[in-house]
Amino acid sequence: LFDVNLPLGVVKDKLFLFRPVSDGEGPATSVELLQLACKPAITDRPDGFAITLDFGSKAPTEVLVAMAREDAVTWSEGIFSSVRGARALLQGRDLPVDQELEVFDRADKGKLLSSIQLAFKETLAQLFFDLAGDRKMHPNDLAAQTQEHVLVQLVADHWEDIPLTSLLPALENFSNSCANLLDAAIQADPARKDICQFVVANYTRRVCKCLSAVWHARVADHLPP
């Protein structure tokens, strides 16, 4: 949960357990949901359907009982979704690690590569449009109609108009667009080396090639004839 005004005695990211008959008493116990080790398992038993909350070695295992299996499934999924969401918020992430990886795995890689290339080209085209003084073509049209290596060289050739103080933040914004994916790949167990290689090939190398082109253009302009 976000920081909102919660009812008296209610604490975010904590599950309070009450006795079946409490007569107004407070909770019998409470558990920290962030310590949940895995998705709550559901098992049949004579008095209903048990939802087991396994906290590993950090806390005793707790068991909830639902009268109907549909309720047990709803509780299990709801509790685990809350846990994943809370962990994502603590990490400053938009999606939990497993969901971030699932989105990547299910994505059409051809479309994904095209969108990354277009985002990079639009970054360079916007820089050229804003700082190089050439506004004959809208940056989106320039990005769509110009090959990537041509755009890189265009930015490099205008290094006097496009200072590093503008170039570096723009390239950083582009590379940061994959930060959540890279973070998820590193946190996965085992780490997703394939995703790390994907990020290097499609983000890091693009940034390095652009900086290399700008560097060589700056050096060449200062070499004696």
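Author: Let's start with how elements get named: helices (H or I, at least four residues) and strands (E, at least two) are DSSP runs, numbered from the N terminus. This is a predicted model, where local features need pLDDT of at least 70 and side-chain atom pairs count only at pLDDT 80 or more, while totals for chains, interfaces and linings use all residues. Residues are numbered from 1 along each chain as its sequence is written, and side-chain values use heavy atoms, with hydrogens and water left out.

Reader: Fine. How many helices and strands does the chain have, and in what order do the elements run?

Author: There are eight helices and five strands. Reading from the N terminus, the order is β-β-β-β-β-α-α-α-α-α-α-α-α.

Reader: What share of the residues is buried?

Author: First the cut-offs: buried is under 20% relative accessible area, exposed is over 50%, and partly exposed lies in between (1.4 Å probe, protein chains only). Here, 32% of the 225 residues are buried. As for the surface, the chain exposes about 14,100 Å², with 55% of it supplied by carbon and sulfur atoms; those areas come from the Shrake-Rupley method with a 1.4 Å probe, and for residues only the protein chains shown count as cover.

Reader: Now the charged pairs. How many salt bridges are there?

Author: In general, side chains of opposite charge can pair when their charged atoms come close. The rule used here asks for a side-chain nitrogen of Lys or Arg within 4 Å of a carboxyl oxygen of Asp or Glu, and by this rule there are six salt bridges.

Reader: Which residues are linked in a network of salt bridges?

Author: Asp105, Arg192 and Asp194. Asp105 and Arg192 meet at 2.8 Å, N to O. That pair links distant parts of the chain, 87 residues apart: Asp105 sits in helix 2 (residues 97–106), and Arg192 in the loop between helix 7 (179–187) and helix 8 (193–221). Arg192 also bridges to Asp194, at 2.9 Å, N to O. Arg192 counts as buried because its relative accessibility is 18%, whereas Asp105, at 42%, is partly exposed, and so is Asp194, at 37%.

Reader: And Glu148: where is it, and what is it in contact with?

Author: Glu148 belongs to helix 5 (residues 148–157). Contact means heavy atoms within 4.5 Å; leaving aside neighbours within four places in sequence, Glu148 is in contact with Gln117, Phe120, Lys121 and Arg206. With Arg206 the side chains form a salt bridge (2.9 Å, N to O). This pair joins helix 8, which holds Arg206, to helix 5, which holds Glu148, 58 residues apart. Both Arg206 and Glu148 are buried.
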